[in-house]
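Trainee: I would like to learn how to read features off a structure. Please give the general idea each time, then the case at hand.

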Amino acid sequence: MEMEVDLEQTDEEYVIQKAKEALKIDPFAAKAWMLTAKSLYPNNFWVQFETYLIEKTAGNVKEAAKCFSDLIGKFQQTPDLWKEIEKVTAALRCETVSEDPETLFLCGMFKHISSDVQHKLLLFTADHCGDTMEHCRLLLLLLQRFPTAISSYGPRLVDTLLYAEKHGVDTQYPINSYRKLLVCELLPLLANQEIKLDLASKLLLKLLSKSLEYYLCILGKASATSQDSDGNMETIWFKLFCVIAFVGRQLSWEPHLTNFVTNW
């Protein structure tokens with residue numbers, strides 16, 4: 001019986017097909033096919049991407065991380081790669097709460113990627129994101145993973161969140177998604193850094209005002225509904241004092257004005 005040959009099939013497509021067929025019965029043979037293909041066609045996206053998928057399917061974290069790093073270095077603008085990058089960033093955002101096998105694998109793979117590639121991946125993803133809130137969350141994720149980037153991208157994220165709140169829909173009230181991200185996640189992160197940030201005095205006072213407004217609304221809402229415990233109320237006050245201390249340090253206030261442990 002003669003084997004049918006697709007005359008329109010390229011050499012690269014043939015190797016990928018053989019690897020996929022082998023993967024069903026012999027993962028090692030599939031890997032051998034793709035290693036050969038990678039050597040023969042180093043600049044072919046589909047060959048490199050299929051190699052990554054085979055390692056991912058096999059659960060090989062380190063090998064998948066290496067393949068993924070190579071893809072990011074060579075094929076940053078490829079749509080199919082961006083879909084996979086979005087899966088990785090989505091996994092990172094729910095790393096501590098998800099038990100999904102793919103999420104856990106992608107988070108583990110991310111840890112085996114070099115810090116330079118991690119940084120590049122998060123920054124590129126944030127810059128290419130069309131949704132403002134998603135862009136802000138990705139940039140926040142970058143700052144959480146790489147505190148050294150705070151001095152460069154922290155002020156930028158502050159400006160983006162303030163602008164988004166000013167021009168957004170349903171943001172006329174203090175309790176909104178952009179204000180929450182700014183006050184509850186970004187400012188505490190900035191406050192933990194013992195560095196002077198490039199934030200104007202007027203902007204710092206604006207941040208203080210917005211934080212006071214937000215937390216007082218939260219406290220008022222909690223008191224009105226009697227839903228929050230005393231412990232949660234104390235946490236809210238603590239967060240508010242942290243913001244005040246942060247603004248005070250940035251504005252070079254006298255230490256006794258921001259030392260709430262001994263003076264308040």
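Mentor: Rings of Phe, Tyr and Trp (its six-membered ring) pair if their centres lie within 6.5 Å; planes under 30 degrees apart count as stacked, over 60 as edge-to-face and the rest as tilted. In this predicted model, local features need pLDDT of at least 70 and side-chain atom pairs pLDDT 80 or more, while totals for chains, interfaces and linings use all residues. Residues are numbered from 1 along each chain as its sequence is written, and side-chain values use heavy atoms, with hydrogens and water left out.

Trainee: How many aromatic pairs does the structure hold?

Mentor: There are 8 aromatic pairs. One of them is Phe45 with Phe49, a stacked pair because the ring centres are 5.1 Å apart and the planes are at 20 degrees. Ring pairs also join Phe45, Trp46, Phe49, Tyr52, Phe68 and Phe75 into a cluster.

Trainee: How are Phe45 and Phe49 placed along helix α3?

Mentor: Helices here are DSSP runs (H or I, at least four residues), numbered from the N terminus. Phe45 and Phe49 are 4 residues apart in helix α3, so about one helical turn separates them. Phe45 is buried, at 8% relative accessible area, and Phe49 is buried at 7%. The cut-offs are under 20% for buried, over 50% for exposed and partly exposed in between (1.4 Å probe, protein chains only).

Trainee: How do the rings of Trp46 and Phe49 meet?

Mentor: Trp46 and Phe49 form an edge-to-face pair, because their planes are at 80 degrees, with centres 6.2 Å apart. These two are 3 residues apart in α3, again about one helical turn. Trp46 is partly exposed, at 44% relative accessibility.

Trainee: Which residues touch the most other members of the largest nonpolar core?

Mentor: A nonpolar core is a set of buried Ala, Val, Leu, Ile, Met, Phe, Trp, Tyr and Cys residues joined through side-chain atoms within 4.5 Å. The largest one has 68 residues, and Tyr52, Phe68, Met109, Leu182, Leu186 and Phe246 touch the most other members. Helix α10 (residues 177-191) gives this core its largest share, 9 residues. Another core, of 10 residues, lies apart from it, with Val15, Ile16, Tyr41 and Ile54 among its members.

Trainee: What is Phe68 in contact with beyond its sequence neighbours?

Mentor: Contact means heavy atoms within 4.5 Å. Outside four places in sequence, the contacts of Phe68 are Tyr52, Leu81, Glu84, Ile85, Val88, Met109, Ile113 and Leu121. Phe68 is also one of the buried residues of α4, along with Ala64, Ala65, Cys67, Ser69, Leu71 and Ile72. The cover over the buried residues of α4 includes α2, α3, α5 (79-93), α6 (101-111) and α7 (115-127).

Trainee: What span should helix α4 have, and what does the model give?

Mentor: The expected span is 1.5 Å times one less than the number of residues. Helix α4 (residues 61-74) has 14 residues and should span 20 Å; its end C-alpha atoms are 20 Å apart, which agrees. Helix α1 (residues 11-23), with 13 residues, reaches 18 Å from first C-alpha to last, close to the 18 Å expected.

Trainee: Which residues of α1 are buried, and what covers them?

Mentor: Val15, Ile16, Ala19 and Ala22 are the buried ones. Their cover includes α2 (27-40) and α3 (45-58).

Trainee: Where is Ser252 found?

Mentor: Ser252 sits in the loop between α12 (230-250) and α13 (260-263). Its phi is positive, about 60 degrees, although Ser252 is not a glycine. Ser252 is exposed, at 56% relative accessibility.
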